[in-house]
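Dear colleague,

Please find the structure below. My notes on its aromatic rings and one of its helices follow.

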Amino acid sequence: MALSWVLTVLSFLPLLEAQIPLCANLVPVPITNATLDRISGKWFYIASAFRNEEYNKSVHEIQAAFFYFTPNKTEDTIFLRQYQTRQNQCIYNSSYLNVQRENGTISKYEGGQEHFAHLLILRDMKTFMLAFKVNDEKNWGVSVYAEKPETTEEQLGEFYEALDCLRIPRSDVVYTDQKKDKCEPLERQHEKEKKQEEGERQHEKKKQEEGES
């Protein structure tokens with residue numbers, strides 16, 4: 001479970017700061033407010049490929065996964081709510097990610113240190129990638145995410161291009177299957193609770209306004 005957030009969103013180990021290989025779609029760019037707007041909302045973890053054997057073993061345990069990004073542009077953080085299905089069970093957790101705008105990375109503080117991944121914005125507005133340890137040939141990898149659980153070959157084109165550049169065989173790709181998702185009931189419960197809380201806040205606000213008038 002220590003790698004659960006890693007395999008859905010980030011790499012467990014910090015990226016080295018050496019130059020990224022000269023792959024057209026693996027060159028990080030600064031993160032802007034527009035970038036944060038673009039990645040805000042619900043995303044599905046589609047697929048990944050890692051050279052690291054431990055990661056490869058772990059990704060096979062993820063049957064389905066989706067998550068919510070809620071960026072805070074002022075504090076340069078992202079509130080993460082993620083839902084994973086493993087062994088036919090739903091696992092939910094939430095945390096905060098940090099945004100390094102100039103480096104084009106997002107990270108999480110865990111285990112006494114900061115762990116980083118490069119955010120890679122793709123041509124298709126409904127997808128993005130994260131690149132992991134791309135300067136460590138024995139451990140590098142890439143994951144791809146989309147707004148919907150079903151993706152086309154065209155949407156995955158840049159993901160496959162990245163794998164080719166990193167010399168990772170496409171046969172190593174591990175895909176999720178949203179049909180195996182067990183988290184939808186919990187997600188519905190959370191959304192219901194969220195609406196109830198919002199309704200209660202609106203009710204209290206209305207009462208206060210009436211009391212002041």
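Which residues of helix α4 (residues 157–165) are buried? They are Glu-158, Phe-159, Tyr-160, Ala-162 and Leu-163; buried means under 20% relative accessible area, exposed over 50% and partly exposed in between, with a 1.4 Å probe and protein chains only. Helices (H or I, at least four residues) and strands (E, at least two) are DSSP runs, numbered from the N terminus.

Please note that this is a predicted model, in which local features need pLDDT of at least 70 and side-chain atom pairs count only at pLDDT 80 or more, while totals for chains, interfaces and linings use all residues. Residues are numbered from 1 along each chain as its sequence is written, and side-chain values use heavy atoms, without hydrogens or water.

The buried residues of α4 pack against β1 (41–50), β7, β8 and β9 (174–175), contact meaning heavy atoms within 4.5 Å. After α4 comes Arg-167, with a positive phi near 60°.

Rings of Phe, Tyr and Trp (its six-membered ring) pair if their centres lie within 6.5 Å; planes under 30 degrees apart count as stacked, over 60 as edge-to-face and the rest as tilted. This rule gives twelve aromatic pairs. Phe-128 and Tyr-145 are stacked, because their ring centres are 4.9 Å apart and their planes lie at 25°. This pair links distant parts of the chain, with Phe-128 in strand β7 (residues 127–132) and Tyr-145 in strand β8 (residues 141–146), 17 residues apart. Both Phe-128 and Tyr-145 are buried. Ring pairs also join Trp-43, Tyr-45, Phe-67, Phe-69, Phe-128 and Tyr-145 into a cluster.

Kind regards
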